[in-house]
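The sequence and structure come next.

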Amino acid sequence: MTFSRREFLKAGLAGSLAVGTGGLLSACGTGNTIKAFTSSTTGKPRYGGTLRAGLTGGSTADTLNPLNAITNVDFSRIDNLYEPLVGLTPAAQPVNVLAEELTSNAKATEWTIRIKQGITFHNGKTLSADDVIYTFRQILNPKAPAPAAAGLASIDAKGMTKLDAYTVRVPCSTPFATLGQALAIPGYSDIIPVGYNPAAPVGTGPFRLKSFSPGTQSTFVRYGGYWQTGLPYLDEIVITDYADQTSQVNALLAGQVDVVNLLSADVISEVQGEGKNILLSAGGGWNPFTMRIDTGTFKDVRLRQAMRLVVDRPQMLDLVFGGFGTVGNDLFGIWAPEYDHSLPQRHQDIDQAKSLLKAAGAEGLHVTLVTADIAAGTVLAAQVFAQQASAAGIHVSVDDVTVNDFYGTNYLKWQFAQDYWFYNFYLPQVSLATLPSASFNETHWDNSRYNSLYAQAIAAVDASLRTEIAHEMQQIEYNEGGYIIPFFPPVIDGYSPNVGGLVPSKIGLSLNAYDFKNVWLS
Amino acid sequence: MTTVTEAPERVGPPSKAARPHPIRNLLIKRSLIGILTLVLVSILVFAATQTLPGNAASAVLLNTATPQRLHALEVQLGLTRPAVDQYWTWLTGVLHGNFGTSLANGQPVGTLIGGRILNSLVLVIVAGAIGTLIGVGLGVLAAARRDSVLDHVLSVTALAVTALPEFVVAVVLVIFFAAVVIHWFPAVSVFVPGTAPWSNPKELVLPVATLVIVVVPYVFRMMRASMIDALESDYVQMARLKGVPKWRVLLFHALPNAIAPTIQVIGLTFLYLAGGVVVVEYLFNYPGLGQALVSAVSDRDIPQIQAIVLVLAAFYIAVNILTDVISLAVSPRRRLPRS
């Protein structure tokens, strides 16, 4: 060979540099033109195949127990192993799954739940009323209440009785007209069989467990005895945990996984540029700023309103989520029928904020905002907030603590902080966050008019009456509340073009709440 | 830097009874110190975990951590007991071969990290071995052709690569060989839990290549420097004057004397690899110890942190002892009692 090693090295280097710049240029080129987001519903479903999901957000603390599900990624396993009495459609509206019918008495103090017949658990046992009673007694176990216990606290679990093999009577200690909505929240009514063994978990879901290594990998196989005829399409699901987005996106681009979850907006063009698709959902989850209203600075309602007025919401969405997502109006429960869309959208108004500060004698206000990397974009949103508030002369010092510290002993006691919530209906969310008895009343909200309205609403079986009352409650929150809700974050997932059956969902969990029974590979 | 410039003297063997066994003595002494070091490390790490904000209960419960739920889980996990008490329970467990159960998921720590130890070990040993061979080979080559164009190219390249952190090397490799330009190798290393890493050789290529690229320059530079010293020595000149073939001078006269300082660098390389795998495992999603440690720290999973740190510390101690033993073995002069 006449080619010397030296020349070879030179040529190789030059070649790789050329390829390198080419790659960079094409990446920049696609950055400006984001393609339309399509849901992958076209084409005829096909049976068979293994769906490989690369998911972030997992850890060794991951659980398969539906009663203990906490993180977004926990639901990737739970939503396929188990099924709820009531679930959510992609439009975030309640739909009966295991339940056939829910009926209440006139005062909403007693419910009768009838479940569907002929449904079996993965171990062959038939689903019956006993399993429903067992599940709720586990959730509401006073010694070890599950996360859902706070939202279902009105249910008198001890008093639940079996009317026949498929019917349960559910007495409630206080009226509970929104039981159906509450049960629809992910993880609130997933049914486990009597004598559930967390080490060998079985549910009624479309897939049964094959293996589970927390924080590493889990596999599921098609359940042949699944009750919804023709489903699922896939033979197997392999969920692999990814430590961060870089390796996750690399795996998608290299064809090692078919679907990925929880992407940030800045990788959209990279993913699309390499021929993969983006599933963009307008989630109903919300990441509020929480102002504690019972002590300190934010006891003064004028200062709370000033803080809400300094936020440039569209700009915050642009900077934190690349402009995707939905602008918020300091109210939660955006997809709920009770959500009040008639209240005027709040815009940034520095002049009014300044005059409120002046009236309160708090010009040049100093506050500390406690933030942590608890959900996508929280820390960035805190920094943007600090920047925007400075226009009104408010000095916000951002205290970025660890997630453990954030949820440690000071959680629910911070003066000014953030939090994240998955989508919930309006009144069930109130019972968790804005009542003196609520478990997560992080703003320490306690308004007597509001409390009595809630008591009326929760007893109103008539939905239109309930909505009317709920609107008055939202009016109060809009004018005096301790939450700043600037946006509802988008949910951005990625998938290969050969994955069919994925639709955007408003639930706020990734990949249409990980509903893999409707997914196929072509 | 140690320079070996003189030929080893020939000394008659001492009488058998009086002859000390330096390697055995070193092994015994250093092993005892090593065990003491491990105990101290475990105390330090335990103390460090106590000062971290939050605990395993808040890491598990996240935003469902109401005071009642937090307290209940803390009691269940034994986190409300005094720290000394917790440490003592852990230590007595370890002495009985029981590393405890994970605070995050209740599984035994041994089964959680057993497979990961193997995965990381394979990564470190394969990368270390390949890196050492390439580094030593190129070092000898550069020294033999000192001041040639090849030598300059290698030296400048080595210097440039030294300045690149692992994550840059890894990202460049992924872009070129996995995700964007050509799709030869997997971009991430995913194996089914329970399978050995060598049954998925393709998954090992890029993580190993990253580590090799990062460690070769160090070995190369050390090897080149000590080889040049050796080549300038009197005994090499003597050998050349006697007409010994050039390759023989290089491999049998100069190399054995130049390798001793390089062994120390190779030892350091392996120690560096034990730490360097953390970043590489994270980037390639390689299911090893580094990744588990990152996860355990964020979960405040003390038994798992303790076990992983002890494994890493034991590896450090073992490599240090091994390096010294090999150094002794290749330089007979140092085995003699000092006079």
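The model is predicted: local features need pLDDT of at least 70 and side-chain atom pairs count only at pLDDT 80 or more, while totals for chains, interfaces and linings use all residues. Residues are numbered from 1 along each chain as its sequence is written, and chains are lettered from A and ligands numbered from 1 in the order in which they are written.

**Chain A as a whole**

Chain A has 15 helices and 22 strands; helices (H or I, at least four residues) and strands (E, at least two) are DSSP runs, numbered from the N terminus. About 95 × 70 × 40 Å is the span of its C-alpha trace along the principal axes.

**Helix 13**

In helix 13 (residues 448–458) of chain A, the buried residues are Tyr450(A), Ala457(A) and Ile458(A). They lie on the same side of the helix, because their arc around the axis is only 85°, taken from the directions from the helix axis to the C-beta atoms. Ser448(A), Arg449(A) and Ser452(A) are exposed on the other side. The buried residues pack against helix 12 (426–433) and helix 14 (463–480) of chain A.

**The sheet**

Seven strands of chain A form an open sheet with mixed pairing, in the order 8-9-10-1-11-20-12; strands pair if DSSP finds at least two bridges between them. Strands 8 and 12 of chain A are at the edges, each with a single partner strand, so one side of each has no neighbour in the sheet.

| Edge strand of chain A | Residues |
|---|---|
| Strand 8 | 207–213 |
| Strand 12 | 277–282 |

Strand 8 pairs with strand 9 (residues 217–222) of chain A in the antiparallel sense over six bridges, and Leu209(A) stands opposite Phe220(A) in strand 9.

**Contact with chain B**

Chain A gives 41 residues to the contact and chain B gives 44 residues; residues are in contact if their C-beta atoms, placed from the backbone, lie within 7 Å.

Key:
Contact = placed C-beta atoms within 7 Å. Buried ≥ 20, exposed ≤ 12 C-beta atoms within 10 Å, placed from the backbone.
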